Amino acid sequence: TLFNSCMIYSYISMWPNQAAETSTLSALDIDQRISAILSTANEITSMGRYDLRFIIFPTFIAGVVATSPTHKMIALDILSNFEANDGVGRNVATTRQLLQTVYQHQTNAYLRCGHTFDVDWLDVMAKQGLQLVNFGL
């Protein structure tokens, strides 16, 4: 999952508007990586293994880049489950809050211009004053 999340990050977060330049092949690869991450995260939560917090960032990044509303809600549900069952301070709550905020920005962008390519989660995080500091995750 960490490898998949790093690959997704490299496709979408290395420079502004990078997602708009993603090729079809990259989009298919990203979708497969999202599915793999969410499948692992679902397995972890179904086993009640909330101590396996390494899955938080991969779930977050999968949710950010997901184009499917179903995948977006699965990612948000997984983070909510971790927050409710074994949240570490404010780390998981902040991650969930940031994901919800990114979703809101993506929805607004889609309604405004028909795509979400210009929504940069790093920019949203900075503008909202949120910090993803997941020490020990």
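**Helix packing**

Tutor: Helices α5 and α6 are roughly perpendicular to each other, a term for angles of 65 to 115 degrees, while under 35 degrees counts as roughly parallel, over 145 as roughly antiparallel and the rest as oblique. This is a predicted model, where local features need pLDDT of at least 70 and side-chain atom pairs count only at pLDDT 80 or more, while totals for chains, interfaces and linings use all residues. Residues are numbered from 1 along each chain as its sequence is written, and side-chain values use heavy atoms, without hydrogens and water.

Student: At what angle do α5 and α6 pack?

Tutor: Helices are DSSP runs of H or I with at least four residues, numbered from the N terminus. Axes are lines fitted to C-alpha atoms over the stretch in contact, and angles run from 0 to 180 degrees between N-to-C directions. The axes of α5 and α6 are 10 Å apart, and the packing angle is about 115°.

Student: Which residues of α6 make the contact with α5?

Tutor: Contact means heavy atoms within 4.5 Å. On the α5 side are Leu-98, Thr-101, Val-102 and His-105. Their partners in α6 are Trp-121, Val-124, Met-125 and Gln-128.

Student: Is α3 roughly parallel or roughly perpendicular to α5?

Tutor: The axes of α3 and α5 come within 10 Å and cross at roughly 5°. That angle makes α3, relative to α5, roughly parallel.

Student: What kind of aromatic pair do Phe-60 and Trp-121 form?

Tutor: Rings of Phe, Tyr and Trp (its six-membered ring) pair if their centres lie within 6.5 Å; planes under 30 degrees apart are stacked, over 60 edge-to-face and the rest tilted. The centres of the Phe-60 and Trp-121 rings are 5.2 Å apart and the planes stand at 75°, so the pair is edge-to-face.

Student: How many residues apart are Phe-60 and Trp-121?

Tutor: Phe-60 lies in helix α3, and Trp-121 in helix α6 (residues 121-128). The pair links distant parts of the chain, and the separation in residues is 61.

Student: How far does helix α5 reach from its first C-alpha to its last?

Tutor: The expected span is 1.5 Å times one less than the number of residues. Helix α5 (residues 91-113) has 23 residues, for which 33 Å is expected. Its reach is close to that, at 32 Å.

Terms used:
Helix = DSSP H or I, 4+ residues; strand = E, 2+ residues; numbered from the N terminus.
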